[in-house]
Amino acid sequence: MWTLDSRSALPAWRYEPARPAAILAFSTRRGGVSDGPYHSLNLGRSSRDRPEAVDENRRRLLVALGIDPARLANAGQTHGAAVARVAGPGLHPGCDALLTTTPGLALAVTAADCLPILYAAPGAVAAAHSGWRGTAEGAPEVALAAVCAAAGATPDAVTIHLGPCIRGCCYAVGPEVAARFPAAALLRAGDALHLDLPTAARLRLIAAGAPAHAIHDTGACTACEPYWYFSHRRDHGLTGRQWGVVALAG
C-alpha cells in the first residue's frame with residue numbers, strides 16, 4: 001500500500017509491496033534546501049531555483065531511497081506519449097516516459113500538477129509523465145504496453161501507481177480540453193467543468209487490459225495541499241517540482 005511517511009526528515013509517498021522487487025516513491029516538497037517559492041525539496045531544473053540547491057535536493061531524495069545518485073535517468077518531457085527504453089543514466093529528451101530492465105537504475109519524471117505514473121512488472125519498471133495532453137494521447141496505456149513488451153508479460157502482471165497531481169476538485173478546464181475526455185472523468189462545478197486526471201488515466205489503463213485492483217492511487221491533490229506539494233496552477237507558474245521515481249531493486 002502507499003503510505004505518506006511524514007515523520008521522516010525527507011517525507012515521501014512510498015509503496016511497500018509484500019515482495020519488494022522495485023523501489024517506488026513520489027516526493028513531497030518537504031526536506032530540501034531550496035528557499036522562496038521553491039521551498040524546500042524542489043527537484044526541477046526547469047525552475048529558476050539555484051542549480052546547486054536542486055542537485056542537493058535530488059541527491060537527498062535518492063540517498064533516502066537507497067539509490068545511487070549517479071544512477072539516475074530523467075525524461076525530457078514534451079507532453080506527449082513517447083516512451084524511451086534506457087539502460088544508463090542521463091537526460092533522455094523527446095519522451096514523457098522511461099522504461100528499463102536494468103537493476104539499480106532510477107527513472108524519474110517531474111511534475112507540478114501533471115500526473116506521474118509508475119509501473120512495475122517482473123524484470124521491468126517504467127515512469128510516465130501524463131498531463132492532460134499526454135493522457136488524451138494515450139500516455140498511460142502506451143507506457144503499459146511498453147512495460148508488458150519488455151517484461152514479456154500481460155497487463156495483469158503489472159502494478160500501476162498514480163501519484164500526486166491536480167485532481168477534479170481543483171482542475172477547471174475549458175470545453176476544448178473537456179471534449180478530449182469521457183464524461184466519467186469530468187465533474188461539473190457550477191458553470192465550470194473540472195477534469196480528474198487519475199480517473200481519465202485509470203479508464204484508459206483498464207480499457208488496455210489492466211485489472212482495476214492493480215491500479216493504486218495516492219489520492220493526493222497538489223493544488224489542495226500547499227504544505228506538501230508544488231502546484232503550477234495554484235502558484236501561477238512560480239513553483240518547484242516533485243518527482244515520481246522507480247527503480248528495479250539491485
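User: Hello! What should I know before I start?

Analyst: Welcome! Residues are numbered from 1 along each chain as its sequence is written, and side-chain values use heavy atoms, leaving out hydrogens and water. The model is predicted, so local features need pLDDT of at least 70 and side-chain atom pairs count only at pLDDT 80 or more, while totals for chains, interfaces and linings use all residues.

User: What makes up the secondary structure of the chain?

Analyst: The chain has five helices and 16 strands. Both are DSSP runs numbered from the N terminus: helices are H or I with at least four residues, and strands are E with at least two.

User: Why is the chain called as compact as a globular protein of its length?

Analyst: The globule rule is 2.2 Å times the number of residues to the power 0.38, and the radius of gyration is taken over C-alpha atoms. For 250 residues the rule gives 18 Å, and the chain comes to 17 Å, which is close, so the chain is as compact as a globular protein of that length. Its C-alpha atoms fill a box of roughly 50 × 45 × 35 Å along the principal axes.

User: Why is Leu24 called buried?

Analyst: Buried means under 20% relative accessible area, exposed means over 50%, and partly exposed is in between, with a 1.4 Å probe and protein chains only. Leu24 has 5% relative accessibility, so Leu24 counts as buried. You will find Leu24 in strand S3, residues 22–27. Across the chain, buried residues make up 54% of the 250 residues.

User: Are Gln77 and His79 buried or partly exposed?

Analyst: Gln77 has a relative accessible area of 19%, so Gln77 is buried. His79, at 35%, is partly exposed. Gln77 sits in the loop between strand S4 (72–75) and strand S5 (83–85), and His79 lies in the loop between S4 and S5.

User: What is the phi of Gln77, and what is the phi of His79?

Analyst: Phi of Gln77 is near 70 degrees, a positive value in a residue other than glycine. Phi of His79 is near 60 degrees, also positive in a residue other than glycine. Most residues other than glycine have a negative phi, and most peptide bonds are trans.

User: What makes the peptide bond from His39 to Ser40 cis?

Analyst: Its omega is near 0 degrees. Ser40 is placed in the loop between S3 and helix H1 (51–64).

User: How many residues does the largest nonpolar core have?

Analyst: It has 38 residues, and those with the most contacts inside it are Tyr119, Ile160 and Leu195. A nonpolar core is a set of buried Ala, Val, Leu, Ile, Met, Phe, Trp, Tyr and Cys residues joined through side-chain atoms within 4.5 Å. Helix H3 gives the largest share of this core, six residues. A second, separate core of 23 residues includes Tyr15, Ala75, Cys95 and Ala127.

User: Which residues is Arg204 in contact with?

Analyst: Contact means heavy atoms within 4.5 Å. Leaving aside neighbours within four places in sequence, Arg204 is in contact with Thr135, Ala136, Glu137, Gly138 and Glu141. Arg204 is found in helix H5.

User: Why is Arg204 called partly exposed?

Analyst: Its relative accessible area is 27%, so Arg204 falls in the partly exposed class.
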